[in-house]
Amino acid sequence: MFTSAVSNSSYSKHLEFYTHTVTFLVEDCLFRIPREPLEAESIVFRDMFRLPQGDPETVEGMSDTRPVILQGVSKKEFESLLRALMCRQHGTHRGSDLDHDQWISVLKLSTMWEFDELRNAAIQYLDPYSQRLHPVDKFVLALQYDIKKWLLPTLLELAARAEPINAEEGYRIGLENVVKLAAVREDVEKLKVIDVLLRDFTLKPRAERVIQSAEDKEELHRLCVSLVTKAFDL
């Protein structure tokens, strides 16, 4: 069934089932993986692989001796990205076994290298967990990885909470955001005072005041949304 090795210089390469690989060096570890998933899902890698190729012995990524060196990326982060990517490519669900920190790594690298679908998958997996995150942690992640849908609810939570922004939180979210948030919180407090005065000093019967109170809360929420949206240009 098998024959001895022969020269392959005259053979064609199957368009679908001839796999091209690429070798990466991350920290002190070599990774050799198929190029196809990277090309299919990442604009950055697609453009990189389309660059003119020279001698295979000197082109980076073609061998263990000349790998593509990935700077600013940890081995664990790259492992997480590849595990999620390969599971998607092969239709398995192992990617769902990644923990929170691993999905953060996937989010980081998919954003950096423009894996749009993988980035959306990471956000989808992180969404339920994000509800349990501290609002400052969630705000920092939203800013860092441009997750716009997390910004408004997180800022509303920070604007409405009783505790002011402390020094450590202020350092993490940045001075400009601290100033904007302080202005919003001040306006929110004024609205709360007005709401209390209108509710407690009305001459309407109690039953009507309860109904009015629910309506006032909805109106207060709408006003808070408007304040945050305007202050942070959302």
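**Note on the predicted model: Ser42 and its setting**

1. The backbone nitrogen of Val44 sits 3.3 Å from a polar atom of the Ser42 side chain. The model is predicted, and this distance is computed from it.

2. Where is Ser42 found? It is in the loop between α1 (36-41) and α2 (43-49).

3. Which residues does Ser42 touch, leaving aside neighbours within four places in sequence? The contacts are Trp113, Glu114 and Phe115.

4. Take the contacts with a separation of 6 or more: 58% of them come from residues 24 or more positions apart.

5. Now the hairpin. Strand β1 (residues 21-26) and strand β2 (residues 29-34) run antiparallel, joined by 6 bridges. Thr23 has Arg32 in β2 as its bridge partner. The hairpin leaves 2 residues between β1 and β2. Glu27 lies in that turn, with a positive phi of about 55°. In a regular strand, side chains alternate between the two faces of the sheet.

6. Overall make-up: the chain has 10 helices and 3 strands. Read along the sequence, the pattern is β-β-α-α-β-α-α-α-α-α-α-α-α.

7. The chain exposes about 15,500 Å². Carbon and sulfur atoms supply 55% of that area.

Methods: Residues numbered from 1 in each chain as written. Predicted model: local features only at pLDDT ≥ 70, side-chain atom pairs only at ≥ 80, totals over all residues. Heavy atoms only, no water. Helix = DSSP H or I, 4+ residues; strand = E, 2+ residues; numbered from the N terminus. Contact = heavy atoms within 4.5 Å. Areas by Shrake-Rupley, 256 points an atom, 1.4 Å probe, with all protein chains shown as cover. Pairing = 2+ DSSP bridges. Polar contact = N/O pair within 3.5 Å; in protein donor to acceptor, adjacent residues only side chain to side chain.
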